[in-house]
Amino acid sequence: MAEVNMVGGNGPVAAVVDAAAIDAAVVGAAHVPPAAQGARPPMRWTPANSGFVLRRIYEPVGKGSRTDKGFKEVHVNQVAKHLKEFSGDDVTATQVYNHLRKWRQRWGKVCKLKDLSGALWDEDRCSILLEHEHYLGHIKDHPKDAEFLNRPIGCSLICWTTRLKGGATSR
């Protein structure tokens, strides 16, 4: 215990301070283990990891599993396990599931844009094409769609899936 003199609003104040307790509190706060800090940092998905997950999750579909209501938990867990072995990263089934949700949203957006009036699907470039005036009008109203129109779509796996399912007309 140590006595510390502090200056308060009404003059000097004497307080008894347990220096060891303060040191323990400061040291303990500085060395909190990562698991105790809360959620893990977000995973950085590389194109290789993303492609690995999409190819692995498509295997049950090729074998006849129905995915109209989503992927089964056992398949997502299996893909997470394989990705962990493939990349060496600590990957959870929840991270894989959320990544698949992202790709499902992107696929839905591509299907919606392919159905736009005047939109053409270019199989060779894997892109949705609009005439310049139609493109400008659409982008003015929907700026986030620019990444999918009149340019090759970011992931060739979308095109690969389209070809496996029978071409650009099927979804």
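This is a predicted model: local features need pLDDT of at least 70, side-chain atom pairs count only at pLDDT 80 or more; totals for chains, interfaces and linings use all residues.
**Entry on N150.** I looked up the backbone of N150 and found a positive phi of about 55°, although this residue is not a glycine. I noted this value because most residues other than glycine have a negative phi. Is N150 buried, exposed or in between? With a relative accessible area of 27%, N150 is partly exposed, since that class lies between the cut-offs of 20% and 50%.

**Entry on C126.** I then turned to C126, which sits in the loop between β3 (120–122) and β4 (127–129), and read a phi near 55°, again a positive value in a residue other than glycine. C126 has a relative accessible area of 8% and is therefore buried, the limit for that class being under 20%.

**Entry on α4.** I checked the length of helix α4 (residues 93–114) against its geometry: at 1.5 Å a residue its 22 residues should span 32 Å, and the end C-alpha atoms, 31 Å apart, agree with this. Next I listed the buried residues of α4, which are Q95, V96, H99, L100, W103, W107, V110, C111, L113 and K114. They cover an arc of only 165° around the axis, so I place them on the same side of α4. Which exposed residues does the face turned away from the buried side carry? On that face of α4 I found T94, R104 and Q105.

Key: Residues are numbered from 1 along each chain as its sequence is written. Side-chain values use heavy atoms; hydrogens and water are left out. Helices (H or I, at least four residues) and strands (E, at least two) are DSSP runs, numbered from the N terminus. The expected span of a helix is 1.5 Å times one less than its number of residues. Buried means under 20% relative accessible area, exposed over 50%, partly exposed in between (1.4 Å probe, protein chains only). The arc is that of the directions from the helix axis to the C-beta atoms.
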